[in-house]
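Hi everyone, thanks for making time this morning. I'd like to walk you through one model, so please have a look at it on the screen.

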Amino acid sequence: MGSPWKGFVEFTLPASPPTAFVSADLSSTSPVGLSLSPYGRSMSFDPGMLHNNGHTAYANGSGPGIRETGVVEKLLTSYGFIQCSERQARLFFHCSQYNGNLQELKIGDDVEFEVSSDRRTGKPIAVKLLKIKPEVLPEERISGQVGPDLHVYPFTVLHGYIHPVVSSVPLNLDGKAAPGQVPTGSVCYERNGEVFYLTYTPDDVEGNVPLETGDKVSFYMETNKHTGAVSARNIQLVKKKQARCQGVVCATKEAFGFIERADVVKEIFFHYSEFKGDLEALQAGDDVEFTIKDRNGKEVATDVRLLPQGTVIFEDISIEQFEGTVVKVIPKVPTKNQSDPLPGRISTRIGFSEKELPFGEKDTKSKVTLLEGDHIQFNISTDRRDKLERATNIEILPDTFNLTKETREMGVIAAIRDGFGFIKCVDRDARMFFHFSEVLEESQLHISDEVEFTVVPVGSVKLFTKDMLSAQRNHAVRIKKLPKGTVSFHTQSEQRFVGVVEKEVVSASNKNTSPTKGKEKEAEEGVIAYEDCGVKLTVPYHVKDLEGGTYPQAGDKVEFCINEVKRTGHQSAVSIRVLNRNASNSRRLHGFVAALKDNFGFIETANHDQEVFFHYSEMCGDVDNLELGDTVEYTLSKGKGNKVSAEKVTKVAAVNGTGEDVGASVLAGKIIRPIRSVDPSQTEYQGLIEVTEEGGDKGQNYAFGIMGMTNKADCLQKGEHVKFQVCTVTQTGQKMACNVVPQRRAPVECVKDQFGFITYEVGESKKLFFHVKEVQDGVELQIGDEVEFSVVFNQRTGKCSACNVRRVSEGPKPVATPRPDRLVNRLKSITLDDASAPRLVILRQPRGPDNSKGFSVERKTRQPGVID
């Protein structure tokens, strides 16, 4: 069979570090011999050495044969044996076949030979032996760094050193070698512009040091004499890969900041130029990763990048909660020599041993002041960096006040501001300041809430010190809310005493002055004389402490209790009830509250035809409890100019306002005159309603007062349409309007965020204000909706507003009006090249709600006059 190969072929391979020998079968019928020279990287082929059966054509070895390589395995005086490199074979050779000085041939030398057959036995033998001069591998130690991936990291040369990239020996389950094989890693290095790969095993690493991708190593190269493969040996770790560190930004300055490291208890500096991201979004508490570099002998963080929130964890917090006692508190004002970041101490028992744990300001669940001896509950936090244990999530237990020796006081919340407030104390004259952070419960405090608290000097947390005696300002801490009725500023005697009014209460206000001038003044105290155990005593009393509607006068016999103020010990008579009085008793009248102003008001008489002025100082009881329409009892008196006013006004139980004879029919009418409280310029008190509906009563007028209105606070204006009934006043027989209900309907003019306006004329204003909370059923009003409403007068602002707003019908839906043709034509006529066209110049980029600058969406040029 003829060979397809013609002549001798030689070609050169790219440079490679080790010697490699390859044998390949290029045809199913023709074995081919390949030889790779260890000196010049070339491969030779001779087709004349082929045989169909795979043996030399010259059995006696006289003809040319295939050249192979091998290693001298055994050498005796006249013969030896060679281990083939290309195949698993051991060949005999005679020393006479060695071409060279036999004295220089040694076991382990690489040789080149031809294969022939022994004439007698026919077995293959090695003939025409030549010793191969070994390639001298560099004995220099190669230094470099380990790369994580052979195909990702480039190979570089720095300062003349070779930097190999090492692929570490697999340590995980997925990277284990096959059974019976030793796991290997690889080293890649560069020389003369060419890249070479070397393998290594764990035995090749000195000191049994585990290598990781990216580590810098140094090593020697070694050639396997049997296989010719070059590998790395005597590998030494030069420098571990520079790992990325993590931490939390703990401080930010103008141009730099500091990061609390997650690997050690230490802070590291970084400059803003090293931050890779949006610098304006960076803030204290952000999780970051960074690389540590040495600059000017100091470690700094470089290549700082944000991490997802919660990535960096400094500590492990126990699930179990422990109880303990505070043995050292954190001072409110740190001393100059204080350097401990965890100055507080807690004593606790864990297992069978006592243990003292530190804590800092951030370890308490709330900002409530801790005191020594407090019984608390907490978790234990263990720092991952230095294994330091500390107490955290500290909260005070309810029974702590039984263990501490603090003095608890009581009071009532008197005022609340933004973040702080004041307490009216039971045992102190001055109001006590407090901050919301000192409230023990999470519930919000309100004015008049009863509380219990501890008083400490400002800037101190210790109660029983000399500083407290000299402190000029105190504040309340550790505030606990109490049930209603717990706090009492007075003690009232259970025994009731009997005495005689010695001095009647006289108002300090001048009745002859104008009612619109001056402010409400305290009434002078009255005096009651009585006997207690044979001793004659006197006790003051106030109008507000009277019971019933009877106003005591001088000489009246009264029954009372004695009330003592805890703070001052001052006594006064309370729960006063008149037993009998002298003959000079003034007649008491009944009426109805018609108007309430700043410090005075007006009473509608029982006949509903007049009003009487009264000053708040004449009110027996709390003025704040008075409302329009309330029934009161009073006495008439005359002042300067014979002006009549009410005095000794007392709120009594309600009586029938306008009589019981109410007609069944409902009439429609129109206000032709409001009551005087709506229009103070008129002389008549009563308002008038004219009947407008068809019938026998059309055109007839009916008077009405405050008691005739269904809603006493409603301001019925002149010209408004109403519906009403007719009733007969019992005392006079006069027919009056009652159950007057306005029939107001008007469209909504505009609606803002929390308020709006109704197109309705009240006085000089053409529109009426309303708040959205006054809209019934939570309906969201739109412009044009028709509504019904009531009008009320705001005493504080002097303006009217709408209340009880109810939507009657929905207005027309707004329709988007097209742009005027003149505007569209104008926009279409403008071109981008038109120099006279209006242009926008950005003076300052807008800032979004997330503090980002600029537009997130690129603006595109659109056709003028065309709406997307």
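**A walk through the model**

So, the overall picture: the protein chain has two helices and 55 strands, where helices (H or I, at least four residues) and strands (E, at least two) are DSSP runs numbered from the N terminus. Please keep in mind that this is a predicted model, in which local features need pLDDT of at least 70 and side-chain atom pairs count only at pLDDT 80 or more, while totals for chains, interfaces and linings use all residues. Residues are numbered from 1 along each chain as its sequence is written, and side-chain values use heavy atoms, with hydrogens and water left out.

Let's talk about confidence. pLDDT is the predictor's confidence in each residue, from 0 to 100. The protein chain averages 76, and 75% of the residues score at least 70. Over residues 1-63 the pLDDT is below 50, and that stretch has 106 contacts beyond near neighbours in sequence; a contact means heavy atoms within 4.5 Å. Residues 171-175 also stay under 50, with one contact beyond four places in sequence. Where pLDDT is low, the predicted coordinates should not be read in detail.

Now the chain as a whole. Of its 868 residues, 38% are buried, meaning under 20% relative accessible area, with exposed over 50% and partly exposed in between (1.4 Å probe, protein chains only). The accessible surface comes to about 52100 Å², and carbon and sulfur atoms account for 50% of that; these areas come from the Shrake-Rupley method with a 1.4 Å probe, and for residues only the protein chains shown count as cover. Taking contacts between residues at least 6 apart in sequence, 57% join residues at least 24 apart.

On to the rings. Rings of Phe, Tyr and Trp (its six-membered ring) pair if their centres lie within 6.5 Å; planes under 30 degrees apart count as stacked, over 60 as edge-to-face and the rest as tilted. That rule gives 24 aromatic pairs. One of them is Phe-757 with Phe-769, an edge-to-face pair with 5.8 Å between centres and 70 degrees between the planes. Phe-757 is in strand β52 (residues 755-758) and Phe-769 in strand β53 (residues 768-771), 12 residues apart.

Elsewhere, Arg-90 lies over the face of Phe-81, 4.3 Å from the ring centre, and Phe-81 forms one aromatic cluster with Tyr-79 and Phe-92.

What about disulfides? The whole structure has zero, a disulfide being a pair of cysteine sulfur atoms within 2.5 Å. Cys-738 is buried, at 3% relative accessibility.

Last, some backbone angles. Most residues other than glycine have a negative phi, and most peptide bonds are trans. Lys-128, in strand β8 (residues 124-131), has a positive phi of about 55 degrees. Asn-804, in strand β55 (residues 799-809), also has a positive phi, near 50 degrees. Lys-128 is partly exposed at 36% relative accessibility, and Asn-804 is partly exposed at 38%.

Notes
Lys NZ or Arg CZ within 6 Å of the ring centre and 35° of its normal.
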